Structure formats: structure tokens, C-alpha cells
Amino acid sequence: MKNYKIVFFGFFTLILFLIPVLEFNSKSGYPEFFILNSAEKKENLHKQEAPDTIINTTVDKKYLLGKFNPAEERAFVEVDLKCANRKGLYLRKETYDAFIKMFEAALKDGIELSIISATRNFKTQKYLWERKWSGKKLVSGKNLAKNIYNPIKRAIIVLKYSSMPGTSRHHWGTDIDLNKDKNDYFLTDKGKKIYKWLKENAHLYGFCQTYTQKDSLRATGYEEEKWHWSYIPLAKFFLAQYINKVSYDDLKGFMGWETAKEIKVIQNYILAINKDCK
Ligand SMILES: [Zn+2]
């Protein structure tokens, strides 16, 4: 009888100890336990597998479509100014931890990486997309609203370098733009060195250039972006979730949304990435 009491008391104490650890994070939907566990999973960066943080967790459509505010999510952190060009940039903690390791290694080699864009939610992407769509921002010197009346043609021009809201990898907290969002910059002496370093080393930290030069293996999709890098261990997981859960019916709420299905943005853009990033 005494033994039962000891076992029961021990079990009860264990449960009491576990309650605060397993307490679910109400904002992100991920258990706190997974979040705490993730930061220490260094070995996953090299294996390029989704960390335990989310591997057993399902993500909802809202998250995949970027319909949240990263500043309010516990799974996200603000990027320090030492490695960004401005305040208010957010990344998922796992992405940020991996980036910091890469940033420090680059610094030792005399390369200064600077994040110029990180998580962009649906609202931000809508703003960027609609500025080009409506002619408020010129695209290759052209006001698209005044020059390109066919919505499909107009969308395809905007899609050279900008994603439709709801389809950007920047929604996921896994993707970053580095140093300058112009390919020309990476042809300058400084830019060349940065790009060379990234090509040789980024994969060691789990990062991959998502939009490489178009070729037979990447015949459709965005133009080359030497500045856009994805944290693959996580992004791979979100991409798989996206393909499973999001359909063309979910892509609406912005100017030109009706072109998404005809252009097949999921197939021709979201899936048209560098094969090394898959
Ligand atoms: Zn980007």
C-alpha cells in the first residue's frame, strides 16, 4: 500500500512539473515545449530536415497565406540591427538562430551580411503587389495600369520579381533578402564577394538561393534573385504544407487575384524553385 502512495505522489509531482512546460502557446498554436526544444537542435541545420519544433505540428492556412502579424507571434523574433538595415524585421526563431551563425561565420571571413527584408505578411505583400499593379510604382520605367490592360499580361510582368499576396515564401518567416535586391549589385566588387561567399557557405547553415537563373530545370517562375535565401529545414516543411492545404480559392483579396488560377501561380511560381532548395 505504501508503495502505491509513493508511485502516485511521484506521478502527481511529475505532472505538476510538466504543466508549465507543455503549456500551449495560444498565439502561434505551437506547444511551448517544441519552441524551447528547437533552439538547441543544431545538427538539423546540416541535415536540412525540419526541426522538431514543427515536424509534428500542423500549420493552418492562415499562417501559410501570411495572414498574421509576426510582431505578435511567439515563434518570431525581431532581427537585431547589427545584421539588418532597419528595425521592425521579424523571422522565425529557428531561421534567425541559423542566420546568426551564418552571419558570424561570414564576418570572420570579412563578409558583412545584412537583412533588408524578412517576414512579410499578406498585408505587406498586398501593398507591394498593388503598388506595381496600379501603376503607383513603375515597373521597368512603365506605369503598368496605363500600359498593360490585359490582366494576365500585367500579372506576369509584376510576377517577374514580386509574389502575389498569399503566395510569398516571405510569409513563412523562413526567407530573407540580403544586402541589396538588385542583381546588378552582385556584379560589383563588393557584391561579387558576398555572393561568392553565400554560394560556397550558405548551405552549411541551411540556406539556399531559391530563385536561381532560369534554365531547363527551372523554366517558369520568378527571375533570378541573388539576394533571396531560404532557410530550407523549415521552408521545405511549409512548402509541403502549402501544397497540401492551399488552393486557388484561397488566393483572393488583392487587385488582379482572378489571374492566379489561369497563370497557375502555385505550379508555375511557388513550385518553380532551385532544385537544391527542394
Ligand atoms: Zn525575397
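So, Tyr248: buried or exposed, or something in between? In this predicted model, Tyr248 counts as partly exposed because 14 other C-beta atoms sit within 10 Å. The cut-offs go like this: 20 or more other C-beta atoms within 10 Å of a residue's own is buried, 12 or fewer is exposed, and partly exposed is in between, with C-beta atoms placed from the backbone.

Where is Tyr248? Look in the loop between helix 11 and helix 12 (259-263). Helices here are DSSP runs of H or I with at least four residues, strands are E runs of at least two, and both are numbered from the N terminus. Tyr248 touches Ala260 and Lys261, leaving out residues up to four places away in sequence; touching, or contact, means C-beta atoms, placed from the backbone, within 7 Å.

Okay, back to helix 11. Its buried residues are Ile232, Pro233, Leu234, Ala235, Phe237, Phe238, Leu239 and Tyr242.

Now the largest nonpolar core, which has 58 residues. A core is a set of buried Ala, Val, Leu, Ile, Met, Phe, Trp, Tyr and Cys residues joined through C-beta atoms within 7 Å. Val79, Met102, Phe207 and Phe238 have the most contacts inside this core. Helix 11 gives the largest share of it, 7 residues.

Zooming out, the protein has 13 helices and 6 strands, and 38% of its 278 residues count as buried.

Two housekeeping notes. Residues are numbered from 1 along each chain as its sequence is written. Local features need pLDDT of at least 70, side-chain atom pairs count only at pLDDT 80 or more, and totals for chains, interfaces and linings use all residues.

Notes
Two residues are in contact if their C-beta atoms, placed from the backbone, lie within 7 Å.
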